[in-house]
Amino acid sequence: MSFKNFKCVPKMIFGRGSFADLDKVLGEERKAEEDFVVFLVDDVHQDKPLGGRVPVKAHDLLIYVNVDDEPTTKQVDALTEQVQAFSKNQPVSVVGLGGGSTLDLAKAVSLMLTNPGGSAMYQGWDLIKNPAIHHIGIPTVSGTGAEASRTAVLCGPVRKLGLNSDYTVFDQIIMDSELIAGVPTDQWFYTGMDCYIHCVESLEGTYLNEFAKAFAEKSMDLCREVYIDDHAEKADKLMMASYMGGMSIAYSQVGACHAVSYGLGYVLGYHHGIGNCLAFDVLEEFYPEGVAEFRKMMIKHNIVLPKNICKDLPDETIAKMVAVTKSMGPLWDNVYGEGWEEKVTDEMLTKLFRRI
Ligand SMILES: NC(=O)c1ccc[n+]([C@@H]2O[C@H](COP(=O)([O-])OP(=O)(O)OC[C@H]3O[C@@H](n4cnc5c(N)ncnc54)[C@H](O)[C@@H]3O)[C@@H](O)[C@H]2O)c1
Ligand SMILES: [Fe+2]
């Protein structure tokens, strides 16, 4: 096939308070007496009102997951084993309730329950053989677009790479903007900027087409209403921006910021959102208007990024980051188009990293 044949989420609920419909949605999956559901819930919600609202039935398995570190293949394999030890039967649904990390854990566990071997075997593109268990994504922090995408990003033994497949896509998402109310400002900003940056990279990229553009332009407008206008409906707007940013990237590609952020994240452990912000702040030559607007948003929300992180690092640490960043071929192709290999030099990337 020469054109992308993109699978999207078939069922979605949007609206304030819609989390209350989860029980009804699950009711459609529960058919026999012994049917059970697995809930993977970000442990930030434990002992909070939302934790108490999860519609867990007597037979179900609720696991609070910790996402202090971004998801790993090891964590996915351990969770999968925990589900398998819980029952000899498969669950009828796996529900992820949390940010991008938790959504990716739920996607990955639903895949690994039906595909043999460890999850590291499936890091890559279209390596998954069997359909996943029915899985539902419910974001509680907005921006990554993980609710819309066909990947579950995992840190593996060799590299950080997603389980990319049509089976990865959620069967159902619930976008309830009430759930993102308690996110601390820094996190709200970093994850939201992931979305803003998706739009900039998509719109400025060589892979752009009307499909991707339609989503990115609208998503970007929504980001502005959230982060510049401080709109009264900003939670609803950010939730929709995240979904549309994800849809834009699905039919285009990310760019220089994500390439640099992956290098930074892989070697120094920075999480995706803040890593993107750190990278974007030195990319004014690539995205002049986007970076200017991003800085305006930072000032408005009193966001102060850590400074001089890479200035005094040993050369070999920088070289590692440069190597990871350089290996992101499709991202650079989206930035420069044909002949990108000549433009993405060690020297150029080293200079960028030294400024972070
Ligand atoms: N699958 C995809 O398409 C895709 C795309 C981009 C990023 N990602 C992945 O997403 C992850 C980043 O996700 P993220 O930025 O959404 O953050 P996250 O899921 O890592 O969560 C960030 C922090 O916010 C906390 N949190 C979540 N909900 C909260 C709430 N309602 N109130 C208070 N705190 C809350 C979490 O406990 C955590 O401490 C990375 O692992 C990245 O690789 C995936
Ligand atoms: Fe991203």
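This report walks through a predicted model, from its ligand site to its strands and a few loop residues.

Some housekeeping comes before the tour. Residues count from 1 along each chain as its sequence is written, while chains are lettered from A and ligands numbered from 1 in the order in which they are written. Since the model is predicted, local features need pLDDT of at least 70 and side-chain atom pairs count only at pLDDT 80 or more, whereas totals for chains, interfaces and linings use all residues.

**The ligand site**

Let's start with ligand 1, which has 30 residues around it (a residue is near a molecule if its C-beta atom, placed from the backbone, lies within 6 Å of it). Gly99, Gly100, Ser101, Thr144 and Ser149 are the closest. Ligand 1 lies between domain 1 (11-180) and domain 2 (185-354), because both give residues to its shell; those bounds come from an automatic or database domain assignment.

Three helices, α4 (100-112), α5 (185-203) and α9 (272-280), each put at least two residues into the shell. Helices here are DSSP runs of H or I with at least four residues, strands are E runs of at least two, and both are numbered from the N terminus. With 4 residues, α4 makes the largest contribution. Sorted by class, the shell holds 10 nonpolar, 16 polar and 4 charged residues. For that tally, Ala, Val, Leu, Ile, Met, Phe, Trp, Tyr, Cys and Pro are nonpolar, Asp, Glu, Lys and Arg are charged, and the others, Gly among them, are polar.

**An annotated stretch**

An unreviewed UniProt entry labels residues 190-320 "domain: Fe-containing alcohol dehydrogenase-like C-terminal". The position is in the numbering used here, the feature name is shortened, and such annotations may be inferred rather than shown by experiment. In the model, this stretch is 69% helix and 0% strand, with its end C-alpha atoms 24 Å apart.

**Strands**

Now for β4 (residues 93-98), where 6 of 6 residues are buried (20 or more other C-beta atoms within 10 Å of their own; 12 or fewer is exposed, in between is partly exposed, and C-beta atoms are placed from the backbone). Ser93, Val95 and Leu97 point one way, and Val94, Gly96 and Gly98 the other.

Two strands pair if DSSP finds at least two bridges between them. A separate item is the open sheet of 3 strands, ordered β5-β8-β7 with mixed pairing. Its edge strands, β5 (124-125) and β7 (153-155), each pair on one side only. Here are some of the pairings:

| Strands | Sense | Bridges | One partner pair |
|---|---|---|---|
| β4 and β6 (135-139) | parallel | 5 | Val94 and His135 |
| β7 and β8 (160-164) | antiparallel | 3 | Val153 and Gly162 |

**Loop residues**

Most residues other than glycine have a negative phi. Asp126, in the loop between β5 and β6, has a positive one near 55 degrees. Asp126 counts as partly exposed because 13 other C-beta atoms lie within 10 Å.

Asn302 also has a positive phi, about 55 degrees, and sits in the loop between α10 and α11. With 9 other C-beta atoms within 10 Å, Asn302 is exposed.

Leu305 belongs to the loop between α10 (288-300) and α11 (315-326), and is partly exposed with 14 C-beta neighbours inside 10 Å. Beyond its neighbours within four places in sequence, Leu305 contacts Cys277, Leu278 and Asp281 (C-beta atoms, placed from the backbone, within 7 Å). Leu305 and Leu278 are 27 residues apart in sequence, yet 6.9 Å apart in space, C-alpha to C-alpha.

Technical notes
Contact = placed C-beta atoms within 7 Å.
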